[in-house]
Each structure stands twice: as structure tokens, then as C-alpha cells.
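Here is a short briefing to read alongside the structure.

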Amino acid sequence: MGGMSELWLVMDSGLCGATWNMALDEALLLGAAESGRPVLRFYGWNEPAATFGYFQHYADIERWTLLRPLLRRPTGGGLVPHQADWTYSVAIPPQHPWYRLQAVLSYQRLHEWIRSSMALLNIASELCPETRKEIPGQCFAGAEKYDLLWRGRKMAGAAQRRTKNGLLIQGSVQPQPPGITRTVWQKAMCEAATKDFQAQWESVTPDVTLTRRAEELAVEKYALETYNQRR
């Protein structure tokens, strides 16, 4: 992604409820083409929760974890527990070069970005060279190819979805290296992007259109058992 500098938008949502977190991420995907700018969103959880991949079966998920609520993500992937993890999403518009990458290359690029951010913090991490899944369906049990490893254990995983509106990637960092705060890591993510692909950053908050879209999705989709248990 080298070359001329480009404007990226960064949004820090702080600690939010589970339904809002999923709804705002999908709203960012739906609005990506209109925005025309990549958006990096950081967020956390004001309650314990778990999310699971769009294509997974709810009956499996409720057996695998005691965490509640359980929410079906707009992206694929496996079961991810949330409480103190560092969570983020990236929404890429369809006119951006990243959108045209094959899924595996997009995944690799994302975790190379996180690896670069960790290097700025003197944390040595590496991309997993091959899949080594241990428990089916659970994102942080074992590791997929190009997941990020720290001390031999998975520390960052992600899931993605590509539509005509754009590309959405949702990711989680857990466990976090000791001595590093969420705020320090978020700053390192922006610095790494500036260093590696000349991103210039503009801090934003959800506008009226994005907020309304997310509110509708939260109420009419992610808060409903009929949606989360649809499979």
C-alpha cells in the first residue's frame, strides 16, 4: 500500500454494549462506499459477551461458552470471547486497493500491520506460518495461517466480509502484552500505518446518518434472538 499518502479516518468508540458494537461495525460497512475513506475503529465492551461467525450454528456456540450475550457477527470466523480484549474494525471502501485483495492476502496485510504496531512497542510477534486449529469453531483456540502469535500463542485474530459496499474486518487482540495499555497500542497502530503505508489520520465520531443506521441495526437485528439464533 505504499506510494502517495492517503487519508484514513480513526474512530475511538470507547466501551460500548455488545449490540451497539456489532451494529456500528455493520453501519460502517454499509456506508463505506459513500464515505470513500478507510475507517479504523477502536472499541471495547462494557459487559462480558461473545461474538461468533455469521455462518456458525447457535446451538454449537451456546455449548462452547458460558458468556452471554451471544451475538452473530456480520463477518465470518469463529467464536470470540470479549471482556477485556482490545477490539477494532476496519472498513474499506470498494474503490480502495485493499478491497481488491484476495481474502487471505487481506488477512495477512492486517496482521502485518498489527505486528508492525507491536514492534514499535518493542513487542516481538510473528505471523503464524500455517493453520494449527485445536478446537473447531473457536477463534482463539489454536491459530489460523497469518494469525499473529506472541510467545508462540495466538494474540490477534480477525474475520472479514466483502460486499458491494466495501470490506469489513473485525479483529481482537487477546491476551495483551503486559505493560502496554490500550491507548498506547491504538497510537502505535496509527503510527505503524503512517510508517508502512503513508496513512494520514483524521479523528472522527459517528455522524447523524451513521448513528441512525447503527441504532436501527442494533434494535432490528443484533438485539433479536431470531437473528442471533437464525442458524
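**Briefing**

Asp-60 is partly exposed, at 22% relative accessible area (buried is under 20%, exposed over 50%, partly exposed in between, with a 1.4 Å probe and protein chains only). Please keep in mind that this is a predicted model, where local features need pLDDT of at least 70, side-chain atom pairs count only at pLDDT 80 or more, and totals for chains, interfaces and linings use all residues. Residues are numbered from 1 along each chain as its sequence is written, and side-chain values use heavy atoms, leaving out hydrogens and water.

**Salt bridges**

- The count is 6 salt bridges (a side-chain nitrogen of Lys or Arg within 4 Å of a carboxyl oxygen of Asp or Glu).
- Asp-60 pairs with Arg-63, with the closest N and O atoms 2.7 Å apart, and Arg-63 is exposed at 59% relative accessibility.
- Both Asp-60 and Arg-63 sit in helix H3 (residues 58–64), 3 residues apart, about one turn of the helix (helices are DSSP runs of H or I with at least four residues, strands are runs of E with at least two, and both are numbered from the N terminus).
- Glu-26 forms a salt bridge with Lys-221, at 3.0 Å between the closest N and O atoms.
- That pair links distant parts of the chain, since Glu-26 is in helix H1 (residues 18–30) and Lys-221 in helix H6 (residues 208–222), 195 residues apart.
- Glu-26 is buried at 8%, and Lys-221 is buried at 18%.

**Nonpolar cores**

- The largest nonpolar core has 37 residues, and Tyr-88, Val-90, Trp-98, Trp-113 and Trp-185 have the most contacts inside it (a core is a set of buried Ala, Val, Leu, Ile, Met, Phe, Trp, Tyr and Cys residues joined through side-chain atoms within 4.5 Å).
- Elements giving two or more residues to this core include helix H4 (103–120) and helix H5 (182–197); H5 gives the most, with 7 residues.
- A second, separate core of 22 residues includes Leu-9, Ala-27, Tyr-54 and Ala-218.

- An open sheet of 3 strands runs in the order E4-E3-E5, with mixed pairing (two strands pair if DSSP finds at least two bridges between them).
- Strands E4 (70–72) and E5 (80–82) are the edges, each pairing on one side only.
- E3 (residues 49–52) and E5 run antiparallel, joined by 3 bridges, and Thr-51 stands opposite Val-80 in E5.

**Cysteines**

- There are 0 disulfides (pairs of cysteine sulfur atoms within 2.5 Å).
- The sulfur of Cys-190 is 17 Å from the closest cysteine sulfur, in Cys-16, so the two are too far apart for a bond.
- Cys-16 is buried at 10% relative accessibility, and Cys-190 is buried at 15%.
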